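Hi everyone, and thanks for making time today.

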Amino acid sequence: MTEVLKLGFSPCPNDTFMFHDLVHGVTGVENIEFDYQLLDIEALNRHSQEVPSPFDVTKLSIPAFARCKDHYTLLSAGAALGRGCGPLVVRSAGRDDLLSLGDLAGKRVAIPGRLTTAFMLLRMFGPENFEPVEMRFDQIMPAVAEGAVDAGLVIHESRFTYAEHGLVELVDAGELWETETDLPLPLGVIAARNSLGTDRIEKIGNALRQSIKNAFDNPIRSAAWIAKHAQEMDASVCRRHIELYVNEFSLELGHEGHAAIDRALQVPNLT
């Protein structure tokens, strides 16, 4: 009898690149089908906090995983983890009063969600008294450019396009993490509900790993589906997005990947 599992991941190119073959039946697990839903990362994070969560397997930011790790098991494949891929704090080019993270004290800073790894980093390295303003990640750059907020914490493809909005980088939060920990930055992970059992969780992880290998070997097969969900994203930006966020850690966390996640889970006040 075939079991249908609920799967959640984002429409960002790195996720659709990795999951294409899994959700289209090219790779898979015997007697399991995936009913998938594509949602913004913060929506996935928030769903993981529901009891019960609607997803059997889901993409999560580190703070969200920290809050539900008693119910979910980390997969060793599918992570967004690496170096040089961290979130940026950006400001308008004309805001010469904002030259360091300390200058954000008392300022309104747009964030892509309180359960994101990006917000975890801003809390780690920024001033205590900034005012976080939650909004969907793709609304942050326009809000900064229009002056609705003083600065913004940008993720995903915004790393490549913020200058087009007249914005400049204030700080690379990922670089701060790498300098302090000497570890790659764990942005997001894939987790499976504990109740699936060790055997099925391992098989799902292996199937996802094969899906990622297939995507590297045959990128043409998933290209149209990735572009469909990337919507208005420029093809070159889409390609750079995948190249940055899908890497050897996506195939296997390994010792260094697990060490980075363990270090992130030790951040004070994470839960």
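**Helices that cross**

Let's begin with H7 and H12, which are therefore roughly perpendicular to each other, a label for angles of 65 to 115 degrees, while under 35 counts as roughly parallel, over 145 as roughly antiparallel and the rest as oblique. Before I go on, this is a predicted model, in which local features need pLDDT of at least 70, side-chain atom pairs count only at pLDDT 80 or more, and totals for chains, interfaces and linings use all residues. Residues are numbered from 1 along each chain as its sequence is written, and side-chain values use heavy atoms, with hydrogens and water left out.

Helices (H or I, at least four residues) and strands (E, at least two) are DSSP runs, numbered from the N terminus. The axes of H7, residues 173–181, and H12, residues 254–264, cross at roughly 100 degrees and come within 12 Å. Those axes are lines fitted to C-alpha atoms, for helices over the stretch in contact, with angles running from 0 to 180 degrees between N-to-C directions.

Which residues of H7 and H12 meet? From H7 there are Trp177, Glu180 and Thr181, and from H12 there are Ala260, Arg263 and Ala264; contact here means heavy atoms within 4.5 Å. By class, this contact has three nonpolar residues, one polar and two charged. For those classes, Ala, Val, Leu, Ile, Met, Phe, Trp, Tyr, Cys and Pro count as nonpolar, Asp, Glu, Lys and Arg as charged, and the others, Gly among them, as polar.

Is Trp177 buried or exposed? Trp177 counts as buried, at 0% relative accessibility. Buried means under 20% relative accessible area, exposed over 50%, and partly exposed in between, using a 1.4 Å probe and protein chains only.

Now to a second crossing. Helix H1 (residues 13–23) and helix H10 (residues 235–245) have axes that come within 8 Å and cross at roughly 70 degrees. That makes H1 roughly perpendicular to H10. Pro13, Asn14 and Phe17 on the H1 side meet Cys238, His241, Ile242 and Tyr245 on the H10 side. This contact of H1 with H10 has five nonpolar residues, two polar and no charged ones.

**Two helices with a buried side**

Staying with H10, its buried residues are Val237, Cys238, His241, Ile242, Leu244 and Tyr245. They cover an arc of only 165 degrees around the axis, which puts them on the same side of H10; the arc is that of the directions from the helix axis to the C-beta atoms. On the other side of H10, Ala235 and Glu243 are exposed. The cover over the buried residues of H10 includes H1, H9 and strand S11 (185–193).

H9 tells a similar kind of story. Ser222, Trp225, Ile226 and Ala230 are the buried residues of H9. They cover an arc of only 140 degrees around the axis, which puts them on the same side of H9. Turned away from that buried side is a face with the exposed residues Ile220, Ala224 and Lys228. Among the elements covering the buried residues of H9 are strand S1 (3–9), strand S2 (32–38) and H10. After H9 comes Gln231, with a positive phi near 55 degrees.

Finally, where is Asn31? Asn31 sits in the loop between H1 and S2 and is partly exposed, with a relative accessible area of 42%. Asn31 and Thr2 are 29 residues apart in sequence, and 4.3 Å apart in space, C-alpha to C-alpha. Leaving out residues up to four places away in sequence, Asn31 touches Met1, Thr2 and Glu3.
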